[in-house]
Amino acid sequence: MLHTCKKAYITTPIYYVNDIAHIGHAYTTIIADTLARYSRLSGLDTFFLTGTDEHGQKIEEAAKQRGESTQAYADKISATFKNLWDDFDISYDKFIRTTDAAHMQGVQKAFLKMYENGDIYKDTYKGHYCISCETFFPTIQLVDDEFCPECGKSTTIVEEESYFFKLSAYEDKLLAWYNDNPDCILPRSKRNEVIRFVEGGLQDLSITRTSFDWGVKLPSQIDDPKHVMYVWLDALMNYVTALGYGTDDANMDYWPARVQLIGKDILRFHAIYWPAFLMSLGLPLPKHIAAHGWWTRDGEKMSKSKGNVVNPKEVADAYGLDNFRYFMLREVPFGGDGDFSQKALIDRINSDLGNDLGNLLNRLIGMSGKYFEGKVDTSDVATYYQSELDEVHASLAKLEPLLFEMQIHRYLEELWRPLTVANKAIDMYQPWTLMKEGKEKEAMALNGLIATILAKVSIMLYPVMPEVCTKIASSLHFVIDHHNWTRLAKGTTLLDTFTLEKIDPLFPRIEEPLLTQIEPQDSAKPDKKQKKTEEKTEGIALIGIDQFFQTSLKVGTVIEANEVPKSKKLLLLQVDVGEATPRQIVAGIKEWYSAEEMLDTQVCVVANLKPAKLMGLLSQGMLLAAKDENGLCMIRPEKPKTAGTPIG
């Protein structure tokens, strides 16, 4: 569904300053930048926000460990994010920091308004608190009654006086919003996940702390100086304080946001807490909250200990920023988890960009230079190649809805169809043959067709690859702006007659990886010492109890099940194992179980296997089953258990 207002507000989450930016941060920001650039190109008055989240106990402790003041530490890490986005030419309109005075003033105004509305009250809270996630968890969600279900770190029991937000009062209003706005959360599968959570019942939310000082104080009218605001209330309000909420309201006419981009790990905060806060404040709700997946490296979760964390600047410097942007947006469907490998990146550059796009421009420059001294005339294109033009315009007409439905990989797939039309036309009509046969008009018209297709594609590709597309436009003697977006990309106008400007090849072929390959540590491989001490009984290697407990087995509930196209054996399952988001598991059980039979059943999951790809789909675990000559059956709990219950 297209958003029809003349303003567009695009946001990223504000990034937590406990560490430097990684590839996941870059992915979110590049998507937001693409949407913002397209919005401006299409003529919308656009405001693009990003920034850093700098309050909370985790930041306070990180600063102490480094012997720095909390503000100095926050300043330093925030600067690394801003510098990276500047290096990446991210077109943000404002970089907000939660330590900005105007932001803190706006948060205090919001707190006071919710308090005066009767949505905030004071009480005492006791529960298991994860410092890393800045979140309380009920005992039923903990792993082994102690560990955080989201990050795995140990929780601590905290009992303290707190102010609470009446989240429970907004259950029905939230469910009505989800029901009335099918695209309010994208992809839609994430919306269904949120609905199930809310239908399970909401508890009131603790929104202040007294155990640390690094945060926004309560408004002076409440006069309770020992409290600081809960980091999520503070952080979420940035989306409106950046527009002047609580100070001058200067840019509040940009609200509500057209798209708010987040990672799937913070979906609950943005899809439940945030709209409830907005309802309490009487503010409109965002049009779309879009949650993307995570990135792995060569099939494994990234971590510092494994040494396989991808530094986005290193990749962009080595392979080219625009190439990196294209790969990130083309490689994985939005909402799914993606896997980064240099091989996959090189394949995209050499194939999609080099063979399909770059080589087409090279062929045009070569043909025009050889036969027409670089001149390109489009006046007879429709006479000879109308069917090709019709096919190109049909593809271009499909693009904009795909972009704002967050089907960005499909946007790029569809955008590549005109390039296929152009390359096929050269091979089919053979300009060298036309020239030999004296059909100069047809040959010139073919050049005009190719040039026009390149121009139209480069306009629509510009939001993804701004630098490359600006070079293409320069070679074709036009500028990428709203005027040409209207007449060339959205309309059927052709390029005016011009003389091509030669440029160097845009995508030189890459034969070998340009960065040193990192071999991730494989904890599953026994070391030499372990091999020597292995014992066997009846041909089975014996293991110690410590080795057994290295395997994490959990009860899971299958909440979504689909067949994998073109596979006789595989089902694609979304399994709730008690974590913030479901696990995607590809299981070879289709011969014995249908997708319908698996839905809403419980299974036993090996939860700490390194991710693997099957038929291009990321699988984040394995199901336990038994198989003999009579077939296969799933290993299941005897009685229903809470998703995430440990086995062992």
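Biologist: Which residues are buried in helix H18 (residues 466-475)?

Modeller: Happy to start there, with the reminder that this is a predicted model. Buried here means under 20% relative accessible area, and Cys 469, for one, comes out at 0%. The buried residues of the helix are Pro 466, Val 468, Cys 469, Ile 472, Ala 473 and Ser 475.

Biologist: Let's turn to cysteines: how many disulfides does the structure hold?

Modeller: A disulfide needs two cysteine sulfur atoms within 2.5 Å. The structure has none, so the disulfide count is zero. Cys 148 is in no disulfide, and its nearest cysteine sulfur, that of Cys 130, is 3.7 Å away. Cys 148 is also buried, with a relative accessible area of 1%, and the number of disulfides is zero.

Biologist: Now charges: how far apart are N and O in the salt bridge of Lys 76 and Glu 68?

Modeller: Side chains of opposite charge can pair when their charged atoms come close. Lys 76 is partly exposed at 42% relative accessibility, and Glu 68 is partly exposed at 26%. Their side chains meet in a salt bridge with an N to O distance of 2.7 Å.

Biologist: Glu 414 and Lys 398 also meet in a salt bridge; how many residues apart are they?

Modeller: The N to O distance for this pair is 3.8 Å, which passes because the cut-off is 4 Å. Glu 414 is buried at 8% relative accessible area, whereas Lys 398 is partly exposed at 47%. Glu 414 sits in helix H15 (residues 408-429) and Lys 398 in the loop between helix H13 (381-397) and helix H14 (399-404), a link between distant parts of the chain, 16 residues apart.

Biologist: Are Glu 511 and Arg 509 buried or exposed?

Modeller: The two form a salt bridge, their closest N and O atoms being 3.3 Å apart. Exposed requires over 50% relative accessible area, and both Glu 511 and Arg 509 are exposed.

Biologist: Finally, how many salt bridges does the count come to?

Modeller: Some share partners: Asp 33, Arg 37, Asp 89 and Arg 325 are joined into one network. For the structure, the count of salt bridges comes to 32.

Definitions and conventions: Residues are numbered from 1 along each chain as its sequence is written. This is a predicted model: local features need pLDDT of at least 70, side-chain atom pairs count only at pLDDT 80 or more; totals for chains, interfaces and linings use all residues. Side-chain values use heavy atoms; hydrogens and water are left out. Buried means under 20% relative accessible area, exposed over 50%, partly exposed in between (1.4 Å probe, protein chains only). Helices (H or I, at least four residues) and strands (E, at least two) are DSSP runs, numbered from the N terminus.
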